[in-house]
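Hello,

Here is the structure I said I would pass on.

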Amino acid sequence: MARLAWSTRHLRWNRQQWAQVLFSDESRFGLENDDGRTRVWRRPGERMIPACVRERRAYLGGSVMVWAGISEHHRTALYHVRGNLNALIYRDQILRPQVLPIQRQIGPHAVLQDDNAPPHRARVVDAFLQQVQINRMDWPANSPDMNPTEHAWDMLGRRVRENHAPPANLQQLLVLLQQEWQAIPQANLANIVHSMRDRCNECRQNCGGYTHY
């Protein structure tokens, strides 16, 4: 299994090696606070009958998609993805202006982590990464639990909900997201990057299965 092989291969990485990785991801934030769960109300003895379930539509009121990258000592700006992300947008509006400067700050052994989404793996993207000499980390499919950026998104969402009144529109939501993204202490981002060894160890213990992260 690819996840098991990946975790085993990276289990012995030290803190300095993980510090050279720029972890990246996209995420979507809704205007209304919806955690994606379906609530069930029932009295003792009732089973999960349809009358007890209230369905909710995800991202009611609209949403914004954002992209960002984090490392132990650095972060990119929070980039607003307008419309659908494609390979050219990823290359020209994310990799070139956002990733390349951070990779140079990290140093000659910097590594980019992104997932296997089609825009990330397009030929034009591969050619650009080779041209500018950005090393890419191989990444097992279906492994959001191994990406510390997922926890950064959780931090960001909590900060927006806890520190501000609900935004009235998508532009206000985007401004709050960008404001709170810059306000997250770098030490908090470093802590989740430091969890990579534990993530690899747990994945290996679960024989490639999912972790609690």
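Five strands form an open sheet with mixed pairing, in the order β5-β4-β1-β6-β7; helices (H or I, at least four residues) and strands (E, at least two) are DSSP runs, numbered from the N terminus. At the edges stand β5 and β7 (135-136), each with a single partner strand, so one side of each has no neighbour in the sheet. Two strands count as paired if DSSP finds at least two bridges between them. Strands of a sheet pair through backbone hydrogen bonds, either parallel or antiparallel.

The model is predicted: local features need pLDDT of at least 70 and side-chain atom pairs count only at pLDDT 80 or more, while totals for chains, interfaces and linings use all residues. Residues are numbered from 1 along each chain as its sequence is written, and side-chain values use heavy atoms, with hydrogens and water left out.

Now to β4 (residues 63-70). Strand β1 (residues 21-30) runs antiparallel to β4 and is joined to it by eight bridges. Asp-25 stands opposite Ala-68 of β4, and Ser-24 has Gly-69 as its bridge partner there. β4 also pairs with β5 (residues 79-81), in the antiparallel sense, over three bridges; Met-65 has Val-81 in β5 as its bridge partner.

Is β4 buried or exposed? Eight of its eight residues are buried (under 20% relative accessible area; exposed is over 50%, partly exposed in between; 1.4 Å probe, protein chains only). Both faces are covered, with Ser-63, Met-65, Trp-67 and Gly-69 on one side and Val-64, Val-66, Ala-68 and Ile-70 on the other.

Regards
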